[in-house]
Amino acid sequence: MKQWKGYEHGINFGGWLSQCVHTKEHYDSFISDGDFKTVREWGLDHIRIPVDYELFEDEHNNFQEEGFAYIAYAIRMCRDNGLNMILDLHRTPGYSFDNAYGEFGFFEEERYQEHFYKIWEEFAKRFGGEKDMLAFELLNEVTKKEYCDRWNRIAETCIKKIRAVAPDISILVGGYYNNSVEAVKDLAMPYDENIIYNFHCYDPLLFTHQGAPWIPPMDTAFRCPFEMSYAEYEKGSKELLKMENISFGRFGTAQDVPGEKYFELLFEEAIKAAAERNVALYCGEYGVIDRVDPKEALKWYKAFHKVMKHYQIGSAAWSYRRMDFGLSDERMDEVREELLSIIKWQ
């Protein structure tokens, strides 16, 4: 399988220019020069920077220089610290991965799609020349599987428009079910040699999102260990996540517990598709919620990264600070050194 060099051990700056209160005060206080330096000192090689369209557009969808300046700043700080960067469009007019934003219509209405193309043409004009250390991620977490064909068409059109300005910058494309690894096989054939297949991994969701208040059926008091039997995972997923059709049967017996084999089998189909198409595979988000004991979370990270290392699949942990997953947060102090060694495949 093709490897994506320079994007092997990364982290997200979630909550800085996306999923936030869009004010100058927030932008200037959430991330500073020192945070880029910290990522470098941790020994990581890249940062994924999610951005919402509100960063660089006003209420009338006119571009605002002040917002683009923050992206330029992130690029400059990554370059100064020897880091690569992914510019991820987390939300676009008419679409969000989270229904709570109340944005709909992107996959149905041409006006939203044309706006999306306009944004990426602007990004390409402004930042496409940074191809030696910058990659573009078209859109974060397409949701419904029924969008698959439409998204493949929209993505190809967008890539063509970017290519007219930035002919060989790396471009990441993910699929349905919120960038599920299951969707990789249904992505369109790579447009050219600089396309990266992207997925996210928070599986098993019952473990990584235990107690998450934003999941309506979830009991916020629920806690479980990583090495819980598949029978218990199946029962809990049906009761607390309302995943009625979920089955863990292909991963082992009802009494077996997840580990390296779980991720090996989970990623098997995507790895095969990427290898057959000679395209690099990348995991743009993964992690364990801060309600889990850090030492217990390490078991998940170890199993996940054993497979990442074996197949040389790059990834970016979610997330650097807060956002319910922060690796720089105080709770991780005792285990951070060991966690970083896991992320760096040492």
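**A glutamate in a strand**

Modeller: Glu 285 is buried, with a relative accessible area of 4%. Buried means under 20% relative accessible area, exposed over 50% and partly exposed in between, with a 1.4 Å probe and protein chains only. This is a predicted model, where local features need pLDDT of at least 70, side-chain atom pairs count only at pLDDT 80 or more, and totals for chains, interfaces and linings use all residues. Residues are numbered from 1 along each chain as its sequence is written, and side-chain values use heavy atoms, with hydrogens and water left out.

Biologist: Where is the place of Glu 285?

Modeller: Glu 285 sits in strand β7. Helices (H or I, at least four residues) and strands (E, at least two) are DSSP runs, numbered from the N terminus.

Biologist: Which side chain does Glu 285 join in a polar contact?

Modeller: That of Tyr 202, at 2.7 Å. A polar contact is a pair of N or O atoms within 3.5 Å; within protein, one must be able to donate a hydrogen and the other to accept it, and residues adjacent in sequence count only if both atoms are side-chain atoms.

Biologist: And what else is Glu 285 in contact with, leaving aside neighbours within four places in sequence?

Modeller: Contact means heavy atoms within 4.5 Å. Beyond those neighbours, the list for Glu 285 includes Asn 12, Arg 48, His 90, Asn 140, Glu 141 and Trp 318.

Biologist: What is the phi of Glu 141?

Modeller: Positive, about 55 degrees, although Glu 141 is not a glycine. Glu 141 lies in the loop between β4 (134-137) and α5 (148-163), and at 8% relative accessibility it counts as buried.

Biologist: Which residue does Trp 318 join through a cis peptide bond?

Modeller: Ser 319, with omega about 0 degrees. Ser 319 is in the loop between β8 (314-317) and α11. Another cis peptide bond joins Asp 203 and Pro 204, with omega about -10 degrees, and Pro 204 is in the loop between β6 and α7.

Biologist: Changing topic: how many residues has helix α9?

Modeller: α9 (residues 260-276) has 17 residues and reaches 23 Å from its first C-alpha to its last, close to the 24 Å expected at 1.5 Å a residue. The expected span is 1.5 Å times one less than the number of residues.

Biologist: Where does α9 bend?

Modeller: At Glu 268, by about 45 degrees. The bend is the angle between axes fitted to the seven residues ending there and the seven starting there.

Biologist: What covers the buried residues of α9?

Modeller: The cover includes β6 (195-201), α8 (230-240), β7 (280-286) and α10 (294-311). Among the buried residues of α9 are Tyr 262, Phe 263, Leu 266 and Ala 270.

Biologist: Now the whole chain. How many helices and strands are there?

Modeller: The protein chain has eleven helices and eight strands. Its radius of gyration is 19 Å, close to the 20 Å that the globule rule gives for 346 residues, so the chain is as compact as a globular protein of that length. That radius is taken over C-alpha atoms, and the rule is 2.2 Å times the number of residues to the power 0.38.

Biologist: What percentage of the 346 residues is buried?

Modeller: Buried residues make up 59%.
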